[in-house]
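Below are my notes, point by point, for you to read alongside the model.

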Amino acid sequence: MPRRRPHPARRRERRRLLAATIAALGLAATLALAPSAALAEAFDLGALTALLGGVKSGEATFVETRRIEMLDRTLQSSGRLSFKAPDSFVRETLKPRQEKLAVDGNTLTMSLGDRSRTMQLDASPEAAVIVEAIRGTLTGNRNTLERLFETTVSGDARAWTLKLVPRDLRLRGQVSAVEVSGRDAMTREVKVQLADGDRSVMTIEPVATRGPS
Amino acid sequence: MMPGAAPARRARLAVALWLAAVAAALVVAWRTHYVADLSAFLPSAPTPEQAVLLDQLKSGATSRLLVIGIEGGAPDDEASAAARAEASKRVAAALRASGAFASVHNGENSAWADAGRFLFEHRYAISPAVDGARFSAAGLRDAIDATVSLLGTPAGSLLKPILFRDPTGETLRIAETLTPARAPRIDHGVWVSRQTPRALLLATTAADGADIDGQQRALAAIRSAFDAAPTPGLRLVVSGAGKFSVESRERIKSEVERLALFGSVVIVVLLWLAFASARALAVAVLPVATGVVAGIAAVSLGFGQVHGMTLGFGTTLIGEAVDYAIYYLIQARGGDGAAERWRRDSWPTVRLGLFTSLIGFAALVFTGFPGLAQLGVFSIAGLVAAAATTRFVFPVLVPNGAPGAGFRRQLARFMSAAASRLPRARWGVVAVAMASIVALVVTPSPWHGELSSLSPVSASDLALDAALRADVGAADAGALVAIAGVSEQAALEGAEAIGARLDRLVAAGVLQGYDSPARLLPSAATQARRLAALPDATTLATRLAEATADGALPAARLAPFIADVEAARAQKPFGRAALAGTPLASALDALLLPGDATRPWRALVNLQAGENGRIDVARVRAAIADVPGVRVVAIRAELDAIYARFLREAEWQAALGAVAVALLLAWHLRSARRLAAIALPIAAATLLVLAALAVSGAALGILHLVGLLLTVAIGSNYALFFDHLRERGEADADTLASLLLANLTTVASFALLASSRIPVLQAVGIVVAPGALLCLVFSAAWLGRGGAAGAGAHGKIAP
């Protein structure tokens, strides 16, 4: 039996539906391009970095546990973190031994006891991956994050997770992924998964009252 | 008057001597070694530390370093970045295989595989951390903890393969000391520029920096490595001392050819104007040719070689020397005894002009630049030979001058018209002088030429060089500490003593770091001390057990460490030869220079500026003052100081030269009034040239100063002529014409130099060409007698 042509009224209805769908898609696209739009459903990298970028400086303590497969051991360390927009970041390990890693712009200074040495961050991509994952997230630097990583944001503004996978395949051979998670504008945890199986989890606890400056 | 028997013999003798001298000079010139390198543009060094510096610039490691860029594509385009990285790896591999390079670096770790193996095997002799305390139980615990703290980070994954052999992290410690504080950015595994889409390679040629043929082959190897698999859209750029040398040589070669060609055209045209006679032309060329051959021979004998630039400068000799021929060939006509008459009447004037010119060129001999000294010797020998040929040989060869009138009548008419009209504007000369003085006073001092302004490297090449150097973290010349020692070991021990003091400056942030040869090759004493600090296997095992109790590393797995330390205890300190075949060898060659009978061994420690980008040389000097035999050389400041000193010397020489010219004229004239009258137009001409250059914003240096002196030396001849004219009578048409011709040859030859792409020649030409012309015009205006000169155009200079 030949297929019947739809009734004109139903055809009109379908056209209206189609138009509505296209309009909705257009609206969605517009919303996607406007991350500041106050729509909970559109919580993406833009929204996350905008949220984080509102905080210009901060201080926190951290506790880090590292799983070293080769030694079949878990190592623990703790210390202080601080950052200041646009691009200063300091990680100071107090236990089990004093160590300091300070980044200012492209200058990386590492201090161990009374020795310290300075190098250019972008001259050492392996270091840059870890530093930028944390500094870029803390300061909400969307450009840097997108330049270095394939990013995936999940959750919402109140509890979010940002998964960062290095774009450079060679680097991915060393650092498989960095997963940063937090609540509101506060970063609470950084997980690093290395390609050789080692992994670390750093939990972060804010110490000072912070606010936009 | 018939020449007598004695004069005839003398004449034959003169010709014979001339022929013999020319033949001898030709032999010397034929055997001469011709060069076209850049060293002629560097001053000869008067102090030991400047000798070190200039030695470095001429044939040190810097002179062998080429910076290679592979550029093209959009800044943020992933695909083109990958293509550049690919090309960088391909070119680096090809260059390493070519054998033309001592080392090639492009940021790939693979280049360091051999070096890394060597450093790992000798880690207990090289690591600065090794001492007795480090191998105590507490020291071992601390070192192992530091290593363990890196595990679980990307740095840790590099350590893992050697963890149980090197738990104290000596290899890492060595790597830290060898990693430069300023390194290029790494993208896609290779060095790239931070500024532009460009991959970077650093290649050290196997050939010496002074071996221009070798540099040329190295450059060709780079080009063919890049062209072997061309990627569309990618370009190759290369810079470095070797590139400059090769290009400068090409440029000097082509300039010399151009100047010789145009110089010949100029002389033929002018002689044609003067005589319109092929025979006269052939004869007139003789003094010039004799002068050129004599100049080459003199330079060759005095310097052992002749620089191409000297030959280029020879065109000015054409301009000067041809004047003698023109004067003689025109003025010595008039039948028997004309040559004798010329010798009596005109030769003294020609000789005076010769002497003033010699004074001018003598200033070049003493400038302290080998290249300029060559120009001076060349010109002096050439002028003397040309004048002597005219004076002694012409009367025999062409006793009656040369036939042909050419366009001399027209030239004379023009000259006499000009000479009669110009004096109407005689006060204009004073006005010009005043205006020039005002302009010089209100314009900022133009005397800010630099040493680099002498080099024939173009501004665009220098800009590319600066950009590439900034990319690789070697933006400016910086500073170095030179340590002299009687032996290799003494130099290395000195470098170690300096290193200990510089470490404090690094800790204080005064310096960001330094490169020392002792990091690659510690002195035998230091190596022996480190190896002696290692405990034996039993002791080490006991201490390790204590150090690793409750630690992350189980002592049971550290047997390889104990074995390696035991093996190291048996090692002897290694020497320079052990580094052969690794990139460490070329790095060491750059920092440790062998001594010989005349020079001590030298260790060079390169300083890297602190965070403000500058090096506080005073603090460095103070920090190392207690180490003997050490000099801190701030390269930029040192080069500027050398140049400033030469400029001061040149100012003295120019002043002395000007005084000498004035004294010579005073002796000749024996009249203060006439001397003053002659000095005014010359002063006005030099002032106007100087003011014009200052107002145009040109940076003036030593060569411009030399040019001003030459202007005075040459220009005074014209003033002298008009002075004679005023004092003694009127000139005939031929004399006026020959004066104009002489001026035109001078102006034309120096104008040719002014068009040169070799800055040294250009600087002299740009001053002398307008200066000589202005001297003639101003002399005619100030010293001329108005209408009288025109009326007397058919008269003679009354003796």
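1. Of the 799 residues in chain B, 51% are buried, where buried means that 20 or more other C-beta atoms, placed from the backbone, lie within 10 Å of the residue's own. Please keep in mind that this is a predicted model, in which local features need pLDDT of at least 70, side-chain atom pairs count only at pLDDT 80 or more, and totals for chains, interfaces and linings use all residues. Residues are numbered from 1 along each chain as its sequence is written, while chains are lettered from A and ligands numbered from 1 in the order in which they are written.

2. Chain B holds 32 helices and 13 strands; these are DSSP runs numbered from the N terminus, with helices being H or I of at least four residues and strands E of at least two. Along the principal axes, its C-alpha atoms fill a box of roughly 120 × 55 × 55 Å.

3. Two domains are assigned in chain B: domain 1 (1-31 + 276-404) and domain 2 (407-461 + 640-799), with bounds from an automatic or database domain assignment. Their C-alpha centres are 23 Å apart. Domain 1 of chain B brings 29 residues to the contact and domain 2 of chain B brings 36, a contact being two residues whose C-beta atoms, placed from the backbone, lie within 7 Å.

4. On the domain 1 side, helix 13 (308-331) and helix 15 (347-365) of chain B each supply at least two residues. Helix 13 of chain B gives the largest share, 14 residues.

5. Now to the packing. The largest nonpolar core has 149 residues, and B:Ile326, B:Leu329, B:Val706 and B:Leu709 have the most contacts inside it; such a core is a set of buried Ala, Val, Leu, Ile, Met, Phe, Trp, Tyr and Cys residues joined through C-beta atoms within 7 Å. Helix 31 (residues 759-783) of chain B contributes the largest share, 18 residues. Why does this core lie between domain 1 and domain 2 of chain B? Because both domains give residues to it.

6. Leaving aside residues up to four places away in sequence, B:Leu329 touches B:Ala280, B:Val283, B:Ala284, B:Val398, B:Gly401 and B:Ala402. A second, separate core of 70 residues includes A:Phe83, A:Phe149, A:Leu194 and B:Ala203.

7. Finally, the chains: 29 residues of chain A are in contact with 23 residues of chain B. Strand 1 (57-68), strand 2 (73-84), strand 6 (115-120) and helix 3 (125-138) of chain A each give two or more residues to the chain A side.

Conventions:
A residue is buried if 20 or more other C-beta atoms lie within 10 Å of its own, exposed if 12 or fewer, and partly exposed in between; C-beta atoms are placed from the backbone.
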